[in-house]
Amino acid sequence: TVQACLFDLDGVIVDTAKYHYLAWRQLANQLGFDLTLEQNELLKGISRMESLEIVLGIGGVKLSEEEKLKFAAEKNAQYLEFCKQITPDDALPGVRDFLDELKADSIKTGLGSASKNAKTILTNLDMLNYFDTIVDGNRATKGKPDPQVFLMGAEDLSVAPEHCIVFEDAVAGIQAAKAGGMIGVGIGQASVLTEADYVMPGFDGVTVKDLFEKLK
Ligand code: G6P
Ligand code: MG
């Protein structure tokens, strides 16, 4: 039986993945190369500094530690600039209804995100109080695919991993869920999220009851 649902933020609750991509692409362009959407998949769920390493690797660019910190800060400033336009209307279709239904069914909810900006974004969405616990990039020390964020969330909620569903749009996020012994539901394409237990394009029209039925 499912007792808790843990949600990734970027690409699951809100489409900030497009803003992360734009900000990373801008940085890449500044350094003289381009970043494709396909390469951007590698960055989903990955911490800011690890993402920077991947981006620099793609461009074959070597930087000093000091320059890396400077560029990471620039990317984040650009990203936050994009995020200013996020309003409660930007929650992805069906997500709010799904969370309401979980509440009504007394199923616990948690957020598990690598982002250090998670609370800012949830505040812009007016969704901070939708979650019984929030584990973000300021709390977790290990990035996905390490299961730490989700295990911390499960522990906060006093629910055993096998009774948790994780909703994730990132390959690394599904890997984290599975490594933690949880059920991994992919948000996106089955051809990308091959390790997920079940994949759906989003929450639009999805009821908790129907989904749990499908996962049986
Ligand atoms: C999420 C996103 C990643 C992002 C990471 C860190 O996991 O999917 O693309 O790099 O958070 O986000 P931050 O907002 O702290 O830079
Ligand atoms: Mg994500």
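This is a predicted model: local features need pLDDT of at least 70, side-chain atom pairs count only at pLDDT 80 or more; totals for chains, interfaces and linings use all residues.
The face of helix α5 turned away from its buried side carries the exposed residues Asp100 and Ala104. Residues are numbered from 1 along each chain as its sequence is written, and chains are lettered from A and ligands numbered from 1 in the order in which they are written.

Which residues of α5 are buried? In this helix, residues 95-104, they are Val95, Phe98, Leu99 and Leu102. They lie on the same side of α5 because they cover an arc of only 95° around the axis, the arc being that of the directions from the helix axis to the C-beta atoms. An α-helix has 3.6 residues a turn, so residues three or four places apart point the same way.

What covers these buried residues includes β1 (4-7), β2 (108-112) and α9 (208-215). Just after α5, Ser106 takes a positive phi of about 60°.

I turn now to the whole protein. The protein has 9 helices and 6 strands; these are DSSP runs numbered from the N terminus, with helices being H or I of at least four residues and strands E of at least two. Of its 216 residues, 43% are buried. Along the principal axes, the C-alpha atoms fill a box of roughly 50 × 35 × 30 Å.

Methods:
A residue is buried if 20 or more other C-beta atoms lie within 10 Å of its own, exposed if 12 or fewer, and partly exposed in between; C-beta atoms are placed from the backbone. Two residues are in contact if their C-beta atoms, placed from the backbone, lie within 7 Å.
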